[in-house]
Amino acid sequence: MISTLVPNIEALIIDFDGVLWRDEQAIGSLPDVFAAIQAGGWRFAFATNNSMFTPEHYHQKLKKFGIVLNGSPIVTSPMAVAYALRQRWPDGGAVHIVGEEGLRVALQDAGYTIRDEGVLAVVAGLDRNLTYDKIRLAAGLIRQGAVFYGTNPDKTYPTPAGLAPGAGSVLSAIEAAAGVAPIIVGKPSPTLFEAALQMLDALPQQTLVIGDRLDTDILGGQRAGMRTALVLSGVSTRKELRSWQPQPDLVAASLAELVKSA
């Protein structure tokens, strides 16, 4: 389906949540899906706005679903934050985070220390243990001059039990308290896609972004000059698609349907 409808595609950038799985539930037979992708000869990377986990977590999760992929890069929104911070403060420095392990590890690996005072930036993502005191401390640091970065604007993310609050909900709380909007580095910002393209050694016009959200995956891919494919197995619906402009290049019920003729 990809090759016949969108020619000259050499690489894929694939989202996780809502495309491969919902929480711990696989969407279709993932080994069959990736057998089809590999048969199609496409290079591929994964790009996720989820800020909670490290790339190693995702490798283990893929393995649990029967997929062992050597050499396929995984780019998370915390890695995109680290990329943005290095552009501004290449020598490192202190930052404060509101988030989970994926955010902490990515920033520490990039040479930044995690502190609660005297910081260059406040970086916030999804935090399932968010408290009033965390919001108060982050907002206070921002008012004192720390630059406010957000991993991604997703207000929700899909689970088997329905939509759950996402990083965007955390950012909204801090923004309301600080009176400052965050600099977003995850989708739909092109920063995350630029990092993935670099790892793939691919050109934007020869790359297809596959995601389940119009407002992040599709918008971000379009802004980055890439082709886009919406799968209807996650957040965005066909009703929402009807009013979206410009339309994605491809629409499918699932990733399996998208690559079935590879």
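Two strands pair if DSSP finds at least two bridges between them. Helices (H or I, at least four residues) and strands (E, at least two) are DSSP runs, numbered from the N terminus. Keep both in mind for the sheet.

First, the ground rules. This is a predicted model: local features need pLDDT of at least 70, side-chain atom pairs count only at pLDDT 80 or more, and totals for chains, interfaces and linings use all residues. Residues are numbered from 1 along each chain as its sequence is written, and side-chain values use heavy atoms, with hydrogens and water left out.

Now the sheet. It is open and has five strands, in the order S7-S6-S8-S9-S12, with parallel pairing. What stands at the edges? S7 and strand S12 (183-184) do, and each has a single partner strand, so one side of each lacks a neighbour in the sheet. Look at S6 and S7. They run parallel, joined by three bridges. Ala 94 stands opposite Thr 113 in S7.

Helix H6 (residues 132-143) lies across S6, S8 and strand S9 (147-150). H6 runs at about 145 degrees to S6. Axes here are lines fitted to C-alpha atoms, for helices over the stretch in contact, and angles run from 0 to 180 degrees between N-to-C directions. Contact means heavy atoms within 4.5 Å.

Next, helix H5, residues 101-109. Its buried residues are Gly 102, Leu 103, Ala 106 and Leu 107. Buried means under 20% relative accessible area, exposed over 50%, partly exposed in between (1.4 Å probe, protein chains only). Seen down the axis, these buried residues fall within an arc of 115 degrees, so they line one face of H5. That arc is taken from the directions from the helix axis to the C-beta atoms. What do they pack against? Helix H4 (77-88), strand S6 (93-98), strand S7 (112-114) and strand S8 (121-124). After H5 comes Gly 111, with a positive phi near 100 degrees.

Last, the aromatics. There are 10 aromatic pairs. Rings of Phe, Tyr and Trp (its six-membered ring) pair if their centres lie within 6.5 Å; planes under 30 degrees apart count as stacked, over 60 as edge-to-face and the rest as tilted. Phe 16 and Trp 21 have ring centres 5.0 Å apart and planes at 10 degrees, so this pair is stacked. Phe 34 and Phe 44 are tilted, at 5.6 Å centre to centre and 45 degrees between the planes. Phe 34 lies in helix H2 and Phe 44 in strand S4, so the pair ties together parts 10 residues apart in sequence.
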